[in-house]
Amino acid sequence: MPIFEFKCMDCEEFIEVLVMNKQDEVELVCSKCGSGNLDRVLSTTNHTVSGGASGPATGTGASSQTRTCSSGSCTTYTIPGPA
Ligand SMILES: [Zn+2]
């Protein structure tokens, strides 16, 4: 199962997400500071070269959506899991 890794932009905590389902929609907040300001980190073990895109979830198959929620902001990632 693929593991997606995210980094908190506020406190630089790393968060790992194990994708269990075919397509998982996960709402991620930093486990350390609770920020929803996370950026996708490409795994070194399971990444495809996609032109060195530096934005979150660009060209990796995952999409992210940041929105306002009760705790400030949340980022929801739609992650394509194993077929
Ligand atoms: Zn944090």
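Trainee: What joins β5 to β6, and through how many residues?

Mentor: A hairpin does, and it runs through two residues. Keep in mind that we're looking at a predicted model here.

Trainee: How do you know that β5 and β6 count as paired?

Mentor: Check the bridges. Two strands pair if there are at least two bridges between them, and β5 (residues 63-69) and β6 have seven, in the antiparallel sense. So by that cut-off they count as a pair. If you want a spot to look at, find Ser63: its bridge partner in β6 is Thr78.

Trainee: What does the rest of the secondary structure look like?

Mentor: Strands and no helices: the protein has six strands and zero helices. Starting from the N terminus, you read β-β-β-β-β-β.

Trainee: Okay, on to the metal. Which residues coordinate the zinc ion?

Mentor: Four cysteines, each through its SG atom: Cys8, Cys11, Cys30 and Cys33.

Trainee: Why is the arrangement around the zinc ion called tetrahedral?

Mentor: With four donors, all angles must lie between 85 and 135 degrees. Around the zinc ion they're 104 to 116°, so the arrangement is tetrahedral. For reference, the ideal angle for four tetrahedral donors is 109.5 degrees.

Trainee: Is Cys30 buried or exposed, and how do you know?

Mentor: Buried means under 20% relative accessible area. Cys30 has 3%, so it's buried.

Trainee: Which residues touch the most other members of the largest nonpolar core?

Mentor: That core has 13 residues, and the ones touching the most other members are Phe6, Val17, Val26, Leu28, Leu38, Tyr77 and Ile79. The elements giving two or more residues are β1 (3-8), β2 (14-18), β3 (23-28) and β6 (72-80). β1 gives the most, with three residues.

Trainee: Which domains does this core draw on?

Mentor: Domain 1 (3-41) and domain 2 (51-83), with at least three residues from each.

Trainee: What share of the contacts with a separation of 6 or more comes from residues 24 or more positions apart?

Mentor: In this protein, that's 46%.

Terms used:
Residues are numbered from 1 along each chain as its sequence is written. This is a predicted model: local features need pLDDT of at least 70, side-chain atom pairs count only at pLDDT 80 or more; totals for chains, interfaces and linings use all residues. Side-chain values use heavy atoms; hydrogens and water are left out. Donors are N, O and S atoms within 2.8 Å of the metal (3.2 Å for Na, K and Ca); water is not among the atoms, so sites may look incomplete. Four donors count as tetrahedral if all angles lie between 85 and 135 degrees; four count as square planar and six as octahedral if opposite donors are over 155 degrees apart and all others between 65 and 115; anything else is irregular. Buried means under 20% relative accessible area, exposed over 50%, partly exposed in between (1.4 Å probe, protein chains only). A nonpolar core is a set of buried Ala, Val, Leu, Ile, Met, Phe, Trp, Tyr and Cys residues joined through side-chain atoms within 4.5 Å. Helices (H or I, at least four residues) and strands (E, at least two) are DSSP runs, numbered from the N terminus. Domain bounds come from an automatic or database domain assignment. Contact means heavy atoms within 4.5 Å.
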